[in-house]
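I set out below what I looked up in this structure.

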Amino acid sequence: MITFPIAKINLGLNVVERRPDGYHNLETVFYPVPICDALEVFPMDEQFPSPVDCDLKVTNLHIEGDEQRNLVVRAYNQLKADFPQLPRVHAHLYKGIPTQAGMGGGSSDCGFMITLLNRQFQLGLSDEQMIAYAARLGADCAFFILNKPCYAEGIGEKLQPVELDLSSWYLAVVRPDIPVPTKEAFSLIMPQHPPKNCRDIVMQPVETWRDELTNDFERSVFALHPEIAAIKQRLYDLGATYAAMSGSGSSLFGLFRSPVSLDEFDAPGTFKTLIKL
């Protein structure tokens, strides 16, 4: 069985307080974006000599670290612990979502793996149960069970669907070849509640967002990497109604009323795309 994990952007991202467990409570609106990976899973032959229960192969983009620590494998292992009837599987992950981009690629793979295993092997899990499994593995993972616009609190696992439709807009995404470690980005944040909640702002016309809808990571990331800030400004120069960084970076996105050329963003290693939402 094959599925296509999607990306997300953050419409507003406010770090409101530090938790006793060392994590941070957030307020954000997740919006699904049709930039996709491809994830295929099929049962392993009983005679196949594999030392692991979930044999993962990642192609197209290089992913750092041991593949057995990938969220796809961790999602499988978590379900296998509770559903021992799960067969051993081969998993092939073709990466199309840019990495270290603030677009939830790894989290999406995790959420879609849980949903795929539930459907393919008839585990009978509800959305709420799958969300609980996903939330144990990462802050953004739970969103990728629902895959519709949601307001999120906590570390990103407390989700409330919102009625938000951006289908009349074009989305430009530019991810420069500049990694921004999440831990470093959080270390420079001073948690505080914004004057207005992002859930309320996104209910307003997009034309009002520029002055009110903020990503708290931009200040610290832009100070460390002015070239990322320059991309946001350039998106506005090209006519974006709203532009921002997604997550803790380094992707920037812009909402446009009509198509725009991204040919100028041609530095080596840069990901760029323009899509109709």
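**Entry 1.** Which residues does Q78 touch, not counting residues up to four places away in sequence? I found Y133, R136 and L137, where contact means heavy atoms within 4.5 Å. I worked from a predicted model, in which local features need pLDDT of at least 70, side-chain atom pairs count only at pLDDT 80 or more, and totals for chains, interfaces and linings use all residues. Residues are numbered from 1 along each chain as its sequence is written, and side-chain values use heavy atoms, with hydrogens and water left out.

I placed Q78 in helix 1; helices (H or I, at least four residues) and strands (E, at least two) are DSSP runs, numbered from the N terminus. I then noted a distance of 2.9 Å between a polar atom of the Q78 side chain and the backbone oxygen of Y133. Q78 counts as buried because its relative accessibility is 14%, buried being under 20% relative accessible area with a 1.4 Å probe and protein chains only.

**Entry 2.** I turned to I97, which sits in the loop between strand 6 (89-94) and helix 2. Its relative accessible area is 0%, so I97 is buried. Leaving out residues up to four places away in sequence, I listed its contacts as P5, I6, A7, I35, C36, D37, L61, M103 and G105. I also checked I97 against A38: the two are 59 residues apart in sequence, and their C-alpha atoms are 9.5 Å apart in space.

**Entry 3.** I next looked at the largest pocket, which holds about 1,400 Å³ of space. A pocket here is an open set of points on a 1 Å grid over the protein atoms alone, where a 1.4 Å probe fits, with protein on both sides within 12 Å along at least five of seven lines; lining residues have an atom within 4 Å of a point. The volume is the space filled by probe spheres set on the points.

I recorded 44 lining residues, with L71, S107, D140, T182 and S248 nearest the centre. Elements giving two or more residues to this lining include strand 2 (6-18), strand 3 (24-36) and helix 5 (182-187). By class, I noted 17 nonpolar, 18 polar and nine charged residues in the lining of the largest pocket; Gly is among the polar ones.

**Entry 4.** For the second largest pocket I noted a volume of about 380 Å³. Its lining has 16 residues, and N14, Q192, T214, D216 and R219 lie nearest its centre. Helix 8 (residues 217-224) gives the largest share of this lining, three residues.

Definitions and conventions: Buried < 20%, exposed > 50% of the residue type's maximum accessible area, 1.4 Å probe, protein only. Polar contact = N/O pair within 3.5 Å; in protein donor to acceptor, adjacent residues only side chain to side chain.
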